[in-house]
Amino acid sequence: MSAFLPLAGSTLHSPVWLVPYDEHARRVRAAGVEVRLDRYDEADGRWVPLDGTAVRTPGGAFAFPRLGRSRDPWAARPEPHRARFAAAGYRPLYPADGEPYDARRGGVEFLVHPYGDTRPPAVPAEARLVRLLPAVSYPYPPGTRTVHGVVVDAAGLAPVADALVEAAGHTGADRVPWHERTLSDARGAFRLALRWEGDRAGDDTAEETFRLRATDRPGRAGELVVRLPRDAARRHVVEIRES
């Protein structure tokens with residue numbers, strides 16, 4: 001569990017503020033969230049876990065005070081770091097809003113600029129949402145409509161972990177856009193909420209159609225059509241292939 005930072009504690013020199021956000025409930029979710037920090041070792045070409053832990057602010061952000069502090073900041077270089085999130089019932093979505101999804105992204109990456117008592121960091125800290133998507137075990141409210149299944153590689157049918165599974169559309173009369181997302185687990189399993197109305201062939205048609213799309217990384221995706229209520233209990237298989 002990450003430590004709690006009292007209001008009197010200074011986070012002015014944290015290189016980044018990360019705000020975990022429950023995308024399904026649409027609210028900040030800091031309780032029960034664990035954050036671990038890595039530094040990129042350019043000599044070895046790998047991420048090295050660090051002992052330092054994040055602290056939680058009263059507003060629900062996670063910060064890394066004193067990270068980058070140096071006795072000789074003029075001689076030190078900025079270093080890549082990343083923060084990894086874990087929380088029961090959630091899967092963290094690491095790419096920022098607007099960035100293409102890539103399952104190989106193992107954390108929220110950021111540069112740590114050196115600073116000292118007489119030299120502030122070269123770049124001011126910024127806050128960033130870290131979206132937590134529902135996992136298979138997410139405690140959906142009673143009555144929430146969901147579909148479940150597995151994401152596999154079309155070539156060998158091996159499970160695809162951390163695939164982004166999503167559906168989008170517009171509500172019926174008012175045409176308000178909606179978007180639901182989840183991430184597959186280590187076995188490729190997913191459970192996606194479909195709270196909003198799907199496409200209908202006509203006003204008197206009960207059947208709704210949804211198009212599920214699973215993405216592993218740019219250029220690797222797959223789609224599947226789901227019809228409800230006909231396919232409600234079916235285990236859906238989404239095959240990902242190179243495009």
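How many aromatic pairs does a search of the whole structure find? I found six. I counted rings of Phe, Tyr and Trp (its six-membered ring) as a pair if their centres lie within 6.5 Å, with planes under 30 degrees apart called stacked, over 60 edge-to-face and the rest tilted.

Basis of the entries. This is a predicted model, where local features need pLDDT of at least 70 and side-chain atom pairs count only at pLDDT 80 or more, while totals for chains, interfaces and linings use all residues. Residues are numbered from 1 along each chain as its sequence is written, and side-chain values use heavy atoms, with hydrogens and water left out.

Rings. I looked up Y40 and W47: their planes are at 65° and their centres 5.1 Å apart, so the pair is edge-to-face. Y40 is partly exposed at 29% relative accessibility, and W47 is partly exposed at 23% (buried is under 20% relative accessible area, exposed over 50%, partly exposed in between; 1.4 Å probe, protein chains only). Y138 and Y140 are also edge-to-face, at 4.9 Å centre to centre and 65° between the planes. Both of these tyrosines, Y138 and Y140, are buried.

Strands. I took strands as DSSP runs (E, at least two residues), numbered from the N terminus, and as paired if DSSP finds at least two bridges between them. β16 (residues 208–217) runs antiparallel to β13 (residues 164–170), with three bridges; V165 stands opposite A214 in β16. β16 is also antiparallel to β17 (residues 220–228), with nine bridges, and R213 stands opposite E223 in β17. The β16 and β17 hairpin has two residues between the strands, and G219 there takes a positive phi near 90°.

Note on methods: Helices (H or I, at least four residues) and strands (E, at least two) are DSSP runs, numbered from the N terminus.
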